[in-house]
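Me: I would like to go through a protein model with you. Could you take my questions one at a time?

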Amino acid sequence: MIESLKEQFYLTTEHTSYWFRVTEFGHLEHVYYGAKLQKQNMEALRYKHIAEFGSCISYGKTEKVSTRATKKIKNAEINSSEHYSLDTMCLEWSGIGRGDYRQSPLEIKMPDGSFVNDFVFKTSTIKSGSCDMHTLPTAYGTPEDCMYIDITMEDRSNQIELHLIYTVYEDTDVITRRAYIVNRNDEKLVIRRVLSMMVDIPNRDYRMTTFDGGWIKETHRHDRDITYGRIVNFSATGGSSNQHNPGFLLSEKTATESSGNVYGFNIIYSGNHYGAVELNHADIVRVSIGINDHCFEWELDKEELFEMPEAVMTFSNKGFNSMSHHFHDFINKHIVRGEWKDKERPIIINNWEAYFFDFNERKLLRLAEQGKKLGMELFVLDDGWFGARNSDSAGLGDYEVNRKKLPSGMKGFVQKIKALGLQCGLWFEPEMVNEDSDLYRAHPEYAINLPGKNPTYGRNQRVLDLCKPQVQDYIVENVSRILDDAGITYVKWDMNRHISEAYSDRLTNQGEFFHRYITGLYSIMKRIFGPRPHILLESCSSGGNRFDLGMLCYSHQIWASDDTDPIERLKIQKGLSYLYPLSTISAHVSASPHLQTLRETAFSTRFNVAAFGCLGYELDLRYLSKVEKQEVAEQIAFYKLHRRTFQFGEFSRVDYPKNNKMQWQVRKKDGNKVITGFFQTLTIAAEGYDYLRILGLNADKEYVIETKPQNVYVERFGGLIKHIMPVELNPDGLILRTANRIYSMQDGVETYQGDGALLASGVLLNNQFVGSGYNEKIRLLGDFGSNLYVVTER
Ligand code: GLA
């Protein structure tokens, strides 16, 4: 709901309110963002500026804006003794050179030659529905579930118009903000920084949470106290990056997963992003987010406009989980689109970690056949199916199917996969080229190239110049042709390096490069997948190097990380879960010891972590023992039974007081089922007790909680085996190794009953193994052990 009353604006979602107003000088003053309030006089909530701060610049001596409405506000509500200095105000938008010394979202070389800009209110219109953009993807909604206000601001002396658009998604407690700028001046404008939004909030001892890392260690949570100055969360790689995810949070220091005030911010953009939290001398926190101004410059001729990406904000006074729930619902309802919106994702078998480049049709079909037998649903043929792609030094850019590997061509291969009863998906890396490729030999000018500088390489490859229409056409034509000819129903769209030597000979202003690259990519994806809505698109960038809301406007899910070690994934998937729903997080079970860490983990833990996402398997199934195959089949059956809850249920991180444990849960939307995962990283000897808290159930209803049965392999016990088996076996002997392949023990199953209130207070679990003997009730976790528990209504 958006209401405007005498140039005061009240934006309301189901549980939040966002208020701002026009000042007597025409600036937009931010008044409140927080838990929902009834519409009322704003005065009590305004940041006061009665005393004059020495050395601050006084705006008050300049001419006041004289619109009818602002005059009324002034007469009715403004205390004439107020000192009007922009540096000590909470604003919705600020300029440069008029007394506010915090970072402005806009830095423009103005037609008058200065950098001074001062945008003031002109008019506003409220409409129902969402407001599309021409150049960038946006959130979307119907007139029933959202409305927006378009506020026109102007810099009067330079005839520049700025539109601030706020869209209120009431049911998901999200407000989006974006802006566009129009040059009405005869002179050209040179834009050097344009952020999508800013908002000033009085500081309440906040801290900032960011999700950072790198390849195979994406989105680890980091918290920093806010102190004077600016903390910046940015990327400059050309993508949203694995270094700093664009989403970040602001919270009270005392906030937990289930309590306290938490704000969330993100942006619908896949290029270089910039988010900042700045605390100034007046104890006001400025939050802003938008395109990174790193190497950015954009020129606007008369009547041209520039659109900023859409920023997304949410708030909860019930802690991090509730804030995440808003984002999750919003993404599932208003970002992900097409036929796969709200549709359960298939269980994937991917050949990459099974064979890398070393495969032929026979090997692939065998993997697919085994996968099918175990219950998998979609076979993904990963890298290596085209051109001379037998290693990562050749072939990117080419689309000819390698007939040595796939003698019946792609169409024939897909038919064979389909005949096995599986859907077929295909990997592409369309934004790249190897110099050893037919494409590069024919069109070296398609690659990004800065004359006079040697190119630099990442994974032996170069980036195609997506600013060029002929490059865009090349990709669209080739990818579309293969999809249509072969009947592919899933695509993995990869992008395996950062951009260097950013330069395009198509552009006269290289400051446009990074943004044009991303708008080029969006246009390619729209052209390929717009007419093919049946295709499930998974994007990927060396794992989670481009996990952002821009990609999610096209791709339904994203490969979270090349790191499939479940203990590493606990950190990665947990980080992602603050900002993105499980329906978008692709997670696979792979072999142990792990490709990236050499860590050995139980099959059960690998599944228990991957189940909190879109499940897949990525290992050579030939080497699984009989009992492992049974375990995989049983995992898949379990996942299918609870798939909707895992992918689209309400996911929560349960606060746990010990650093070596983690508890997650998914709750079915109707509330009568929860599946919770208990994960232990390193064992601590005789640690005491473990417990589970189940959140969000009906306090008065009765529930049963039961451990999901899982295998414990006898081999794990080595020399200890004599303590737990009735017969003595040589720990290195053939008998034990053989027994391990055909027999496994069952991990202890516990069952308890209680009402929702009891389960929320905490169920104490059986002891873990401490070496003092074994019985079937003892929990055998050890290092990296885990269990799933199913809670159902009685
Ligand atoms: C990237 C992806 C992997 C795999 C390889 C193939 O690293 O993240 O999942 O597709 O490329 O080369």
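Me: First, what sort of model is it?
Reply: It is a predicted model.

Me: How many helices and strands does the protein have?
Reply: The secondary structure comes to 16 helices and 40 strands.

Me: And the radius of gyration, how does it stand against the globule rule?
Reply: The radius of gyration is 28 Å, close to the 28 Å that the globule rule gives for 794 residues, so the protein is as compact as a globular protein of that length. Along its principal axes, the C-alpha trace spans about 95 × 70 × 45 Å.

Me: What holds strands of a sheet together in general?
Reply: They pair through backbone hydrogen bonds, either parallel or antiparallel.

Me: How many bridges join strand 2 to strand 3?
Reply: There are 5 bridges between strand 2 (residues 8-12) and strand 3 (residues 16-22), and the two run antiparallel. Within this pair, Tyr10 stands opposite Trp19 in strand 3.

Me: Now helix 11 and helix 12. Are they roughly parallel or roughly antiparallel?
Reply: The axes of helix 11 (residues 603-610) and helix 12 (residues 626-641) come within 11 Å and cross at roughly 20°. Angles under 35 degrees count as roughly parallel, and the two helices are therefore roughly parallel to each other. Helix 11 passes helix 12 in a right-handed crossing.

Me: Which residues meet there?
Reply: From helix 11, Phe603, Ser604 and Phe607 take part; they meet Glu628, Glu631, Val632, Gln635, Phe638 and Tyr639 in helix 12. The residues of this contact divide into 5 nonpolar, 2 polar and 2 charged.

Me: Changing topic: where is Pro593, and what joins Ser592 to it?
Reply: Pro593 lies in the loop between strand 29 (585-590) and helix 11. A cis peptide bond joins Ser592 and Pro593, with omega at about 0°.

Me: Last one: what is the phi of Phe356?
Reply: Phe356 has a positive phi of about 50°, although it is not a glycine. Phe356 is found in the loop between helix 3 (352-355) and helix 4 (361-374).

Key: Residues numbered from 1 in each chain as written. Predicted model: local features only at pLDDT ≥ 70, side-chain atom pairs only at ≥ 80, totals over all residues. Heavy atoms only, no water. Axes fitted to C-alpha atoms, helices over the stretch in contact; angles between N-to-C directions. Helix = DSSP H or I, 4+ residues; strand = E, 2+ residues; numbered from the N terminus. Parallel < 35°, antiparallel > 145°, perpendicular 65-115°, else oblique. Left-handed = near helix turned anticlockwise from the far one by under 90°. Contact = heavy atoms within 4.5 Å. Nonpolar A, V, L, I, M, F, W, Y, C, P; charged D, E, K, R; others polar. Pairing = 2+ DSSP bridges. Rg over C-alpha atoms; globule rule 2.2 N^0.38 Å.
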